[in-house]
Amino acid sequence: MLCALLLGSIAACTPATAKVFFRVAPSPLPPAAKTAIQDLVLAWPLRDSSIIAKFREQGYNVWLQCDSKDLAPAVTVADRMAVRGLIVTKLADAKQSPSKEVSSFAAAHKNLAFRVLVSGGKQPQMKGRLVVERDGILQVSSPSTQPWLDSNLAIGRLAHSIYPDSFPIMYDFRWAAPGEPPRGAWHPDAEDYALAIAESDAIRSDVIVELPSSLQKALTAEDPQAWWLWRKVVPYLDFSSHAPVTNVQPVASLGVIVDEVQRSYEAINLMARHNLAFEAVHPAGLTPDRLANWNSVVVFCSLNAEAAVMLRNFAANGGIVIFVNSHDKFPWHSTSPLRRESHSTTYTAGAGQIVELGEPVVDPENFARDLRRLIGPDRSALALWNSLTTLATAYREEGQHDISLYLVNYADQPDNIQVQVKGHFTSVRLESPEETCCVSLPFVERNGFTEFTVPSLRVGARVHLDYLKAGSAAQ
Amino acid sequence: MRWLKPAALASLSLAALLAWTLCSAQSSAFIHQKRYVMGTVFEIVIYDEDLSQADDAARAALDEALRLDAVMSNYKPESELSRMNRSAHFQPVHISHELYEVIEQSLFYSRISDGQFDISVGPLVDLWKAALAGGPLPSVAEQAAALHCVGYQKIELMSPDRIQFHSDCMRLDLGAIGKGYAVDRMVELLRARGIHRAYIDAGGSTIYAMNTPPGAKAWSVRLRDPSGKLDPEIMLMNSSVSTSEQSAPSVLQGDAPGHIVLPGTGKPLQTRYAVSVTTASAAASDALSTTLLLLGPTRGAALVKTLHDVSAIWIDSDGQRTVAGEGAAFHLAGESRSARISPATRMMIETFEADRDLRQ
C-alpha cells in the first residue's frame with residue numbers, strides 16, 4: 001500500500017507539525033486536560049455523530065478519518081459538528097496527487113483542515129530474531145544480528161517529500177500482536193506509546209496512534225492501573241506538543257534520487273536505520289543548488305542527460321555518486337574505470353568518484369554499511385558511536401545554521417549517546433521529557449565536528465546546537 | 001572478535017514443531033522477553049504454567065546478562081574488563097569470579113587451537129574496526145605494532161582471582177566468548193528458579209535450548225547457510241549452537257576488511273565459510289565457532305575429533321560443506337537427508353520427519 005501511495009513525485013520537503021493524534025472509539029473518554037491528548041481521530045462512518053460534540057466539550061480537537069470516496073458525506077458532518085478537519089485515508093487513484101482530490105473540498109470548506117494519511121507504517125520497536133504471535137507461533141524474523149529497529153523514518157522522509165504542494169502527510173501503524181503478557185500488564189505499555197510519540201517528533205511528521213478500546217474504557221472508569229500507565233505517557237505528549245513548529249529542512253549530507261519506491265524502499269530504510277543523514281529527491285527536482293547541499297548522492301533510477309552531467313560535475317568537485325542497478329550509458333564510460341569489482345565499477349571524476357552497482361540492492365543492511373564506509377566519517381553530517389538502538393535526525397530552518405537534533409532510543413533501557421555533528425557551535429543544549437529545557441551539555445570541537453554525549457537517553461530527546469557566529473569564541 | 005558477529009546466524013524455526021506440539025499435546029503458555037545487551041538483542045522464550053514466575057525469571061536472566069555486560073564489555077570504559085585492560089600491565093590485579101572464569105575458559109580454547117582463538121587480539125580488532133568504519137586501511141607498521149601486543153601466552157592467571165599481562169600493550173577482547181558465557185549463566189539462573197523449558201537467543205549467533213517445548217522432542221533451529229541450498233537445521237535439547245561468519249564482502253568497494261582477524265597474521269580472515277558448532281555449553285560453542293572458522297574445515301575437523309560431544313558444520317557459498325564431530329546431528333533439509341546422523345539422534349529426527357509428513 002505504501003509503495004502504491006508513494007508513486008508520486010518526490011521533491012522538496014514540506015513543513016511538518018509532528019502532532020500526535022489518537023484514534024479512539026466513539027465512546028466516552030476523560031477530558032483533554034486530564035489525558036493530555038489534543039487531537040482525536042474518529043473513523044468514518046460514524047453511527048452517532050453526537051460523540052463529536054461531547055469530545056469537543058471535553059477540550060479535544062476532533063478529526064474524521066475517511067476514504068476519499070466518502071469525503072462528501074464526511075465533510076457535511078464535519079461542517080455541522082465543527083470538526084477540526086479530515087484525514088483522507090485512501091485516494092481513488094494512488095498515482096493521482098491528493099491535491100486534486102482534496103483541494104476542491106478544501107477550497108469550499110476553509111474552516112476545515114485536511115491531511116493525507118500514508119499507510120504502511122510500522123509500530124516503532126526494537127526487534128530480535130523471533131516473532132511471537134498471539135497464537136503461539138514463533139517464526140524466524142530479521143536475519144540481522146544487530147538490533148533490528150522497526151522505524152517509520154524512511155516512510156516519513158519519503159512521504160513528506162512526495163507531494164510538495166499538497167496537504168500535510170501523516171502516517172499510522174498497527175500495534176504488533178503481543179506474546180503472552182503477564183497478568184495485569186497492558187499491551188501496548190507506556191514505553192510503546194512513548195516511543196511512538198518520540199519517533200513522530202524526530203521524523204517531524206504527524207502520526208495517528210491507536211488507543212485500544214480496553215484502555216479507553218479503563219481510563220474512563222478511573223482504573224488505577226490504566227492511569228498508572230497513562231501518567232507515564234503524559235510527559236511525552238507534553239514534550240511533543242511543545243516542539244517548535246517551523247519550516248525546517250533535514251540536515252543531510254547525502255541525497256537520494258528516486259522515482260519509484262518499491263525497489264529502493266528497503267535500502268532507504270536501512271540507510272535511515274544506520275543514521276545516514278539523507279534527503280530524498282525526485283530526478284525532476286535535482287538542481288545544482290540542491291546538489292550543493294550534499295557531498296554524496298545515491299541514484300536509484302534512470303537519469304536524463306542533463307542530470308547525468310550535473311552529477312558528473314558534482315563528482316568532479318569532490319562528490320561521491322553511487323548508481324544502483326545502473327545499466328545506462330554515461331559520458332564517463334569513455335574513460336577507463338579506476339576499479340572493476342564483481343558487483344561494481346568505480347570511475348574517477350575530477351576530485352570525486354562515481355560508483356556504478358550493476359544490480360539492485362540485494363542486502364540492504366550490507367549496502368547501508370558499505371555506503372557509510374564509502375562516504376567516510378569526514379563527510380557524514382552526523383554520527384553516533386556505540387548507539388546501535390538509537391536513531392538521530394537533524395533539522396535546521398532555511399537559511400539558518402542552528403541545528404536541532406532529535407534522538408530516539410528504541411531499546412528499553414537508557415543509553416549514553418555519543419554524538420558527532422558537523423560544524424562549530426557555541427552551545428549544545430539538551431531537552432527531554434525528563435529534563436526541563438534546557439541542560440547545557442559539555443562539548444568539544446574536533447576536526448570540524450562538534451562532539452558531545454547525551455547522558456542516559458531514555459526514549460526521546462532534542463539537542464539544540466547554536467551556531468558559532470563570526471567572531472564568537474567557542475567553549 | 002567482538003560482541004557482534006554480523007551475519008553469524010542460527011535462527012529458530014519453530015512453526016512446524018509447534019504445530020506438532022499442538023497436535024500431540026496441550027501447549028503450555030509462554031512468555032517472550034527481549035533486551036538490548038552486548039550490542040545485540042537477547043531474547044528468552046519460557047514455557048511455564050506460572051507465567052508470573054516465568055516473567056520474573058526471564059527478567060532476572062536478562063538482568064544477569066546486562067550485569068555481565070558491565071563486567072565484560074570492551075566498549076564501556078568503566079567495565080571491569082576495561083579497567084583491567086588499563087592496569088594489568090603494571091602489576092597483578094584482582095578480578096571478579098566471572099571475569100576470571102571466562103578468561104580461564106578462553107585460555108583453554110587458545111591452547112587447544114594453537115592460538116587461533118585468542119582474546120588478546122583486541123589491539124588488532126580495534127585497528128581494523130576503524131577501517132571497517134570508513135577510515136584508511138592500517139599501514140604495515142601499524143599492523144606490526146598491534147601484532148606485537150597479541151599473544152595469549154602473555155596472559156597470566158593467578159588462582160583464585162588475579163591476572164597480570166606480560167605485555168605493555170595487551171588488551172583483552174571477550175567478543176568471541178562473552179555472549180556464550182552470559183548465556184550459560186542465564187541458563188543456571190533459570191534452572192535455579194525452577195524453569196525447565198526455555199530458549200535463549202543471544203542475537204542469533206549463540207542459542208541455548210533448555211529441555212524441549214511442551215509435547216516436542218527438541219527445539220528445531222535453522223542454521224546459517226551462505227549458499228541458500230542446504231537449509232540446515234539442528235535439533236537442540238539442553239545444548240547450544242553458535243554460528244560464526246566473516247562480515248559480508250563490500251559490494252561497493254573491493255578492499256573492505258572483515259571483522260574477524262587472524263591472530264597469527266594480524267589481518268582480517270578471508271573465507272567463504274559459515275560455521276555452526278553445537279555442544280553442551282554456550283561459552284564452548286561460542287568460542288569454538290570462531291576458532292573453527294579461523295582454522296577452516298580441514299584443521300577444524302581435526303580439532304573437533306579431539307573434543308567430546310561437539311559437532312560442527314562448515315558451509316561455503318557454493319553449498320560445499322564439511323561435517324565433523326560426535327555431538328548432535330545437522331539435518332540438511334535442502335538435500336532431504338542428514339549430513340551425518342548419530343545413532344543417538346537418528347530416531348529423534350526420523351520421528352520428527354514422520355510426524356511432519358503426516359501433517360502435510
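Which residue in β5(A) stands opposite A:V88? Keep that in mind as you walk through this predicted model.

**Stop 1: the barrel**

Start with chain A. Select strands β1, β2, β3, β4, β5, β10 and β11. These seven strands close into a barrel, in the order β1-β2-β3-β4-β5-β10-β11. The pairing is parallel. Now look at how neighbours cross. On average, neighbouring strands of this sheet are turned by 35° against each other, direction ignored.

**Stop 2: β4 and β5**

Select residues 85–88 of chain A for strand β4, then residues 113–118 of chain A for strand β5. The two strands pair in the parallel sense, over four bridges. Zoom in on A:V88: its opposite number in β5(A) is A:V116. That settles the opening question. Next, click A:I87. Its bridge partner in β5(A) is A:R115.

Is β5(A) mostly covered or mostly open? Five of its six residues are buried, so count 20 or more other C-beta atoms within 10 Å for each of those.

Keep a general rule in mind as you look along a strand. In a regular strand, side chains alternate between the two faces of the sheet.

**Stop 3: across to β10**

**Stop 4**

Select residues 71–80 of chain A, helix α4. This helix packs on the sheet and touches β3 (61–66) and β4 of chain A. What angle does α4 make with β4(A)? The two directions make about 160°.

**Stop 5: the domains of chain A**

Zoom out. Colour chain A in three parts: domain 1 (2–241), domain 2 (252–379) and domain 3 (381–467). Look at domains 2 and 3 of chain A. Their centres, taken over C-alpha atoms, are 27 Å apart. Five residues of domain 2 contact seven residues of domain 3. On the domain 2 side, the touching residues are three nonpolar, two polar and no charged.

**Stop 6: over to chain B**

Finish with helix α5 of chain B, residues 122–132. Its buried residues include B:G122, B:P123, B:L124 and B:W128.

Note on methods. Residues numbered from 1 in each chain as written. Chains lettered and ligands numbered in written order. Predicted model: local features only at pLDDT ≥ 70, side-chain atom pairs only at ≥ 80, totals over all residues. Pairing = 2+ DSSP bridges. Axes fitted to C-alpha atoms, helices over the stretch in contact; angles between N-to-C directions. Buried ≥ 20, exposed ≤ 12 C-beta atoms within 10 Å, placed from the backbone. Domains from an automatic or database assignment. Nonpolar A, V, L, I, M, F, W, Y, C, P; charged D, E, K, R; others polar.
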